[in-house]
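This briefing sets out selected features of the structure shown below, grouped by topic for reference.

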Amino acid sequence: MKIALLRKKDSTPELQNQIRALFQQLAPTKKQLQLHEMFNDKNDFTLVYGIKDDEVLGMASMCVYSVISGKKAWIEDVVVHEDARGKGLGRKLMQKLLEVAKDKAVTEILLFSAEHRVAAKQLYENLGFEMSASKLYKLPL
């Protein structure tokens with residue numbers, strides 16, 4: 001299994017299709033942006049993925065931003081293919097994002113996980129994440 005950082009030049013139609021199919025396992029009703037849309041100078045975006053035998057088996061993404069309270073990162077779209085779960089791939093993907101965050105001098109990493117994602121929440125806690133007292137509000141536009 002290889003853990004790779006997605007680069008703009010690597011975002012081929014085949015990789016886009018595999019990531020789209022994987023994302024569907026996480027959020028079947030959400031619309032996914034094309035990979036090339038995330039690569040621009042105003043979007044500090046990182047996507048890591050696990051690949052074996054030319055098949056994408058997992059991914060996780062992170063955006064970094066700065067606000068008065070510090071340089072923060074938000075992790076989203078963490079998913080491992082249903083046939084590859086329970087083998088440590090999610091941990092490897094998260095560890096790679098944590099390395100990138102440290103390299104970017106991030107002061108705090110935030111993420112949200114749905115209540116039903118028991119294994120994901122256990123992984124995050126094992127990596128040192130703690131549940132905050134804040135509630136997450138969202139406003140779809």
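Helices (H or I, at least four residues) and strands (E, at least two) are DSSP runs, numbered from the N terminus. The model is predicted: local features need pLDDT of at least 70, side-chain atom pairs count only at pLDDT 80 or more, and totals for chains, interfaces and linings use all residues. Residues are numbered from 1 along each chain as its sequence is written, and side-chain values use heavy atoms, with hydrogens and water left out.

**Strand pairing**
- Strands S1 (residues 2-5) and S2 run antiparallel and are joined by 4 bridges; two strands pair if DSSP finds at least two bridges between them.
- Ile 51 in S2 is the bridge partner of Lys 2.
- Strand S3 (residues 55-67) pairs with S2 in the antiparallel sense over 8 bridges, and Ser 61 in S3 stands opposite Leu 47.
- Strand S2 (residues 45-52) is largely enclosed by the rest of the structure, because 6 of its 8 residues are buried (buried means under 20% relative accessible area, exposed over 50%, partly exposed in between; 1.4 Å probe, protein chains only).

**Loop between H1 and S2**
- Lys 31 lies in the loop between helix H1 (13-26) and S2, and Thr 29 is found in the loop between H1 and S2.
- Lys 31 is exposed, with a relative accessible area of 76%; Thr 29 is exposed, with a value of 78%.
- A distance of 20 Å separates the C-alpha atoms of Lys 31 and Leu 111, which are 80 residues apart along the chain.
- The C-alpha atoms of Thr 29 and Ser 61 are separated by 19 Å, with the two residues 32 apart along the chain.

**Positive phi values**
- Asp 53 has a positive phi of about 50 degrees although it is not a glycine.
- The hairpin of S2 and S3 that holds Asp 53 has 2 residues between the strands, and Asp 53 counts as exposed at 71% relative accessibility.
- Asp 77, also not a glycine, has a positive phi near 55 degrees.
- Asp 77 is found in strand S4 and is partly exposed, with a relative accessible area of 28%.

**Negative surface patch**
- Glu 14, Asp 53, Asp 54, Glu 55, Glu 82 and Asp 83 gather in a surface patch of negative charge.
- Patches of charge are made of residues with over 30% relative accessible area and no salt bridge, like charges being joined within 9 Å; a salt bridge is a side-chain nitrogen of Lys or Arg within 4 Å of a carboxyl oxygen of Asp or Glu.
- Asp 83 is placed in the loop between strand S4 (70-80) and helix H2 (89-103) and counts as exposed at 59% relative accessibility.

Conventions
Patch = residues over 30% accessible without salt bridge, like charges linked within 9 Å, V, L, I, M, F, W, Y side chains within 5 Å. Areas by Shrake-Rupley, 256 points an atom, 1.4 Å probe, with all protein chains shown as cover. Lys, Arg positive; Asp, Glu negative; His and termini not counted. Charge placed at Lys NZ, Arg CZ, Asp CG, Glu CD.
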